[in-house]
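Biologist: Please put the model up, and then I will ask about it piece by piece.

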Amino acid sequence: MLTQLTNNKKVQRKELLAKRRALTLIQKNEYSAVITKKIVELEEYKNSQICFLYASMPDEFQTKELIVNALKAGKQICLPYITDKNMKIMQATLIKSLDELVVGAYNILTVKEENLRIVKPQDIDFILVPAVGLDKKGYRLGMGGGYYDRYLVKAINAKKIAAVYDCQLVDEVIKDNYDIKVDMILTENTTIKYR
């Protein structure tokens, strides 16, 4: 049964990644600008002090402008840092500038090990959660590592916001018992709020 679920997840992930990758650079930039504007207008974002964001991969919602905005707004910004690949452990580390970033695990921009300033999950009040796909109930399909699901259960005070393109929304994602729901989904055309 577990093998079937894993295979189904892999198929759904592959289909959704193909949809995301089919978008043109112009579309991704245009949609990302709309989504960024939506995020900075959220009360949850405006009222946040410590934001856990991520450095986006080329086909994801582009986060650079959001990170720049948050830094200018004087927020404390954290990015993911993989501390243990085998145990699938991710932590949040503070950044003061985009210039601090280097290419890290999974070819994702991150902070150099010597510059780590780890923030406790319970101190974070806003998390931008990456996703390959989301359903209308707020469940997400990630890249399959489980890093975010393990982290989100510890971030008990954070609003969990997922920002994706419309093509990444589905009626239902294939989920496991440990999959964590988000509090809100934002796309270029849609806003869905759960709490």
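Biologist: Leaving aside neighbours within four places in sequence, which residues is leucine 94 in contact with?
Modeller: This is a predicted model. Leucine 94 sits in strand β3. Once neighbours up to four places away in sequence are set aside, its contacts are Gln76, Ile77, Cys78, Glu100, Val111, Arg117 and Val119.

Biologist: Is leucine 94 buried or exposed?
Modeller: The cut-off for buried is under 20% relative accessible area. Leucine 94 has 16%. Leucine 94 is therefore buried.

Biologist: How many Å lie between leucine 94 and alanine 70 in space, C-alpha to C-alpha?
Modeller: In sequence, leucine 94 and alanine 70 are 24 residues apart. Their C-alpha atoms are separated in space by 12 Å.

Biologist: What is the relative accessible area of threonine 93?
Modeller: Threonine 93 is placed in strand β3, residues 89-95. Threonine 93 counts as buried, which requires a value under 20%. Its relative accessible area is 0%.

Biologist: Which residues does threonine 93 touch, not counting those up to four places away in sequence?
Modeller: A touch here means heavy atoms within 4.5 Å. Arginine 140 is 47 residues from threonine 93 in sequence, with 23 Å between the C-alpha atoms. The residues that threonine 93 touches are Ile77, Cys78, Leu79, Tyr81, Val111, Asn115, Leu116, Arg117 and Ile118.

Biologist: Where is threonine 63, and is it buried or exposed?
Modeller: Threonine 63 belongs to the loop between β1 and α4, the latter spanning 64-72. Beyond four places in sequence, threonine 63 touches Tyr54, Ala55, Ser56 and Leu128. Its relative accessibility is 2%, so threonine 63 counts as buried.

Biologist: Which residues does leucine 42 touch, not counting those up to four places away in sequence?
Modeller: Leucine 42 lies in the loop between α2 (25-41) and α3 (43-46). With a relative accessibility of 12%, leucine 42 counts as buried. The residues touched by leucine 42 are Met184 and Leu186.

Biologist: What is the relative accessible area of aspartate 125?
Modeller: The loop between β6 (118-119) and β7 (126-129) holds aspartate 125. Aspartate 125 is partly exposed, at 21%.

Biologist: Which residues does aspartate 125 touch, not counting those up to four places away in sequence?
Modeller: Isoleucine 161 is 36 residues from aspartate 125 in sequence, and 11 Å separates their C-alpha atoms. The residues that aspartate 125 touches are Asn47, Ser48, Gln49, Ile50, Cys51, Asn157, Ala158 and Lys159.

Biologist: How many aromatic pairs are there, and which residues form the stacked pair at 6.2 Å?
Modeller: The count comes to 4 aromatic pairs. At 6.2 Å centre to centre and 20° between the planes, the pair asked about is stacked. Its members are phenylalanine 52 and tyrosine 148.

Biologist: How many residues apart in sequence are the parts that this pair ties together?
Modeller: Phenylalanine 52 is in strand β1, residues 50-52, and tyrosine 148 is in helix α5, residues 147-152. Both phenylalanine 52 and tyrosine 148 are buried. The pair therefore ties together parts whose separation in sequence is 96 residues.

Biologist: Which residues do ring pairs link into a cluster?
Modeller: Phenylalanine 52 and tyrosine 148 are already a stacked pair. Ring pairs make a cluster of Phe52, Tyr148 and Tyr151.

Biologist: What is the radius of gyration of the protein chain?
Modeller: The protein chain has 5 helices and 13 strands, and its C-alpha atoms fill a box of roughly 45 × 35 × 30 Å along the principal axes. For 195 residues, a compact globule would be near 16 Å. The chain agrees with that, so the radius of gyration is 16 Å.

Biologist: What percentage of the residues in the protein chain is buried?
Modeller: The chain exposes about 10200 Å², with carbon and sulfur atoms supplying 52% of that area. Among contacts with a separation of 6 or more, 69% come from residues 24 or more positions apart. Of the 195 residues, the buried share is 47%.

Biologist: How many Å apart are the centres of the positive and negative side chains?
Modeller: The protein chain has 31 positive and 24 negative side chains. The centres of these two sets are separated by 2 Å.

Methods:
Residues are numbered from 1 along each chain as its sequence is written. This is a predicted model: local features need pLDDT of at least 70, side-chain atom pairs count only at pLDDT 80 or more; totals for chains, interfaces and linings use all residues. Side-chain values use heavy atoms; hydrogens and water are left out. Helices (H or I, at least four residues) and strands (E, at least two) are DSSP runs, numbered from the N terminus. The radius of gyration is taken over C-alpha atoms; the globule rule is 2.2 Å times the number of residues to the power 0.38. Buried means under 20% relative accessible area, exposed over 50%, partly exposed in between (1.4 Å probe, protein chains only). Accessible areas come from the Shrake-Rupley method with a 1.4 Å probe; for residues, only the protein chains shown count as cover. Lys and Arg count as positive and Asp and Glu as negative; His and the chain ends are not counted. The place of a charge is taken as NZ of Lys, CZ of Arg, CG of Asp or CD of Glu. Rings of Phe, Tyr and Trp (its six-membered ring) pair if their centres lie within 6.5 Å; planes under 30 degrees apart count as stacked, over 60 as edge-to-face and the rest as tilted.
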